[in-house]
Every structure is written in C-alpha cells, then in structure tokens.
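I opened my notebook to look up a few local details in one protein chain.

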Amino acid sequence: MAADELTGLIRYLGQEDWQDRFGEVLGDHIGPVLEAGDISFEDLAEMIGPDVAMTLWGCAFEDFLGQDWDDGRNFVDVYLKRRGWKEGPRNSAYMRALKASVMSLYEVSDIKPGQSLMARDLLRGGEPVLVHEGTATRTLKQWDRIAARLIPSDGKTILAGGLLAYSQGACEELAANLYGVLRKRSGKAEFPKLDTQTLRGLAPMFTLTWLFRTLEDMARQMEGPALFNGDGEDLVLHEVCFPLAKGVTQKKVADVLDGIGALHPESRSFWNWLKEPVSGPVRKAGRDENGRFLRTEMDDGTIVLGTLELKGRRLRLQVNSKERAERGQAMLQAGLGDLVRAPLTQIMTPAQAMEEREHHGREASPALQIPPEEEARVIGQMLERHYRQVLDEPVPALGDMTPRQAVRTVSGRKKVAAWLKGIENTTAHAPGGHGAMAAYDFGWMWSELGIPDLRK
C-alpha cells in the first residue's frame, strides 16, 4: 500500500460508519484465525511480527476500498467527492486504480533487484506483465509466487502494499480452497474459470490461506520434526569415550576389536558397528506420523548402529540413541575388560549438534575458506554434472519418465517446465544465503530439453 497516497484515506476511515464497515472486512480476512486460536489482533501481531500484521491489515484495507455497500456507496468515491481537491490528480488516480484492483496469485521471474520483475497471473492466465518495484525485488527469487494486486500508476504497473509470499504448499491449499468455494457456487465438478469479477469477492481467501499456513509452519518449526533412528528409538547423539588403561597400546585394543563379530574394520583405527541380520520383516517402533526415521547403511544395505575410533589414548563410540549407547558400552566392556577404564558419555540433541557445527563454521580460519569465485566454479560444475545425469533418470514428478522422454508430448513439456521452475526456485532459496548456489544459471537445461519458450 502506498502510504503517501493513502494517508488521507486512512485518516478519513474513522469518520461516520466507515470504521465499522472496515471492521467487518478485516474480520473476513483474519477473523477465523483469531477465533480458531482464541487470540486478539494484538496477540497475532506478537506472533508473526508487527510488520507482517500490518501487511495483513493492508490486504484487508485494499479489499475494503473496492467494496460497494448496500447503500450504493464506495469509500473511495465518497472520499474523493468530498476531499479529492486536497489529493490532486496523481493521488486520486492511484486511489481509483486501487479501488478497481483485485488480489490474484502471480509467478515472478526476470527479477532485477531494486527495479522490476515480470509477473504472470496463475489464476486468470495471460502473458507476464512488467512490474516496476523497488523493495520486494530485493528479496524475491526466480519463480517465487506472491498474492498481490497490480496497480497502473503513471504509465507503469506497480505492486500494491498488501503482498504475501506464497510457498508451494500454500499455493496448493489456495487452489483447493478456491475449488471448494467455486464448485459449491456453481455446482459443477470442473474448476470454474476465474475472472476479475469472481476474484473480487475472494480476497479474504488469499489472506486466510496464507495466514493459516504460516502459523502452521511456525508451529512445526518451533516443535521441530520428531527424529528417530532406524529402530524407532529417539534420536539423541551419544559419544561414549573409553580412556585406555595404563600401559595398554592401541594395537592391543585394535586386535580385540577386530575379533568382535559385530564390528567391521575400515582401518586399524576405525570400525563400523553393524546390526546383525534378522530373519523375517523388521517392525519399527510406533511413532508419530510426522516423525522422520534416519538410518545409515553400508553399501550392501547392512544397518550401521554406530562407529568406533581409536585416537590417541581414547576409544570413542558414537551412536544416535540412548539404547544403542547402553548396548555398545556393554559390548565393549565385555570384550575389552581391563584394557579400558570407565567411560565418559557426552549427550547432544540433533539441534544442539547443528548449532555447534554452525558455531565452529563461523569461527573457521579465513585461510581455510574457499574464495567466492572458486566456490562458484566448483558448485557450478557439481550442479551441472548432477543435472546432466538427472536428465536421463526417471523423475517421480514426471510420472517416472525421464525429462528427455517427458518433453516429447505437449502435456509432458508443461510438467517438465513446472519441474524445472521448482528446481530453480528451491536452489535460489539455498539455505544459509549460499550465493554461489543461488546464482547458478539453469538456462542450459531448458535449451537442452528444447523448451526455452516455456521459461516465462
């Protein structure tokens, strides 16, 4: 929302009964969320941040500006009739354009930070539109999707202020919500055609879908996914450190470890602790359906329960659960006996381990860091090797066809284009601000597959 042009409108909102009418519209946009969580708007602002809360307020206000009420009045029309002389032609034209606008879902491309982007309407179709924008273009990435209003202003197209960045999951939920509402209205099974007039009455759905999805994602991030090892045990990293007894050599300990059947030597100082084969189906312990099972395997599929390393005067056992730590400790004490002293155990959650790794990474010596240009070259080569191989491998998203096979049909080319956009967008959002990966140019893949015309 352009604050300069709308200052007068916002001030005028408190007059007559407009405040109550805006309250109704705001309730349509965020009311179900407040009711579901039994919270106030202030509570919501604290959860998602005041800036984001004001963006939602702006989405509702922009929707309110386009509403014609039962008495035949429109807020913008009334305001400009009474106070248009104070706004001038430019501001008045902007307000009228905002009144006529509708919220839609756009795919962005050709982003020039601080200048412009191309926006393709995913709901109404048509060619991409050049949008002049200075702020959002600094954070948006290629093929991101946004819910927004496009406004003509001074011969250009710009974005209104109520912009919501949509994830792939949120886009799917929006499509399902739109389909449900429009099918109910029309009584037809197929997805009804969306036009400007239809979208005008659906603005709250964009806000509510985005808000519900955002709060759900925030809750998942706070809780974190439940992590279990392959045996269904809670994933907690244990390092059990056995000091060697006085006078005991590494060779003597290594000879004993080589004789323990469950240990597979990789060298004279490193062993994998392997799970013994079990006849019949193996059942994992029952866990939450959202949990993730993580396990490490050898090349032949044998499960690795842990690792052992002899270093200096210590033997270190590393495992990923309390149960494995206890079993491993018992196995080693039975085999080594008086060759080792009582062990010390360090316990760490996956989150703590990740935090420690990031901390050590930040403290890494500058001498060990790769120059940016060399990093970009290495990552570029790695990605190209990987994706040249992928072009000839079955892809589930393409119906288990290879990309080269899929582009042989019209429908397949559309699927491949969507698949490529997904790859580009995911890479552009590389975690940790990985500039070398985010800047990788996938243009060669579109050309290789013969569909550069669909990259828009």
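I count a contact when heavy atoms lie within 4.5 Å. The model I am reading is predicted.

**Entry: two helices**

I started with helix α3 (residues 41-48) and helix α4 (residues 50-65). Two packed helices are described by the angle between their axes and the distance between the axes. Here the axes come within 6 Å and cross at roughly 125°.

Which residues meet? From α3 I noted Phe41, Leu44, Ala45 and Ile48. From α4 I noted Pro50, Val52, Ala53, Leu56 and Trp57. I sorted this contact by residue type: nine are nonpolar, none is polar and none is charged.

**Entry: cysteines**

How many disulfides are there? I found zero, with a cut-off of 2.5 Å between cysteine sulfur atoms. Cys59 has 1% relative accessibility, and Cys171 has 7%. Buried means under 20%, so both count as buried.

**Entry: two serines in loops**

I found Ser267 in the loop between β10 (263-265) and β11 (270-274). Is Ser267 buried, partly exposed or exposed? Its relative accessible area is 33%, which lies between the 20% and 50% limits, so Ser267 is partly exposed. A polar atom of the Ser267 side chain lies 3.2 Å from the backbone nitrogen of Ser269. I read 3.2 Å again for the backbone nitrogen of Phe270 and a polar atom of the Ser267 side chain. I also looked up Ala254, 13 residues from Ser267 along the chain. The C-alpha atoms of these two are separated by 9.6 Å.

Next came Ser321, in the loop between β15 (314-319) and α10 (322-336). Its relative accessible area is 0%, so Ser321 is buried. A polar atom of the Ser321 side chain lies 3.1 Å from the backbone nitrogen of Arg324.

**Entry: positive phi**

Most residues other than glycine have a negative phi. I looked up two residues with a positive value. Trp143 has a phi near 70° and is not a glycine. I placed Trp143 in the loop between β3 (129-132) and β4 (145-148). At 4% relative accessibility, Trp143 is buried.

Asp400 is not a glycine either, and its phi is about 60°. Asp400 sits in the loop between α12 (372-390) and α13 (403-406). Is Asp400 buried or exposed? Its relative accessibility is 55%, so I wrote down exposed.

Definitions and conventions:
Residues are numbered from 1 along each chain as its sequence is written. This is a predicted model: local features need pLDDT of at least 70, side-chain atom pairs count only at pLDDT 80 or more; totals for chains, interfaces and linings use all residues. Side-chain values use heavy atoms; hydrogens and water are left out. Helices (H or I, at least four residues) and strands (E, at least two) are DSSP runs, numbered from the N terminus. Buried means under 20% relative accessible area, exposed over 50%, partly exposed in between (1.4 Å probe, protein chains only). A polar contact is a pair of N or O atoms within 3.5 Å; within protein, one must be able to donate a hydrogen and the other to accept it, and residues adjacent in sequence count only if both atoms are side-chain atoms. Axes are lines fitted to C-alpha atoms, for helices over the stretch in contact, and angles run from 0 to 180 degrees between N-to-C directions. Ala, Val, Leu, Ile, Met, Phe, Trp, Tyr, Cys and Pro count as nonpolar, Asp, Glu, Lys and Arg as charged, and the others, Gly among them, as polar.
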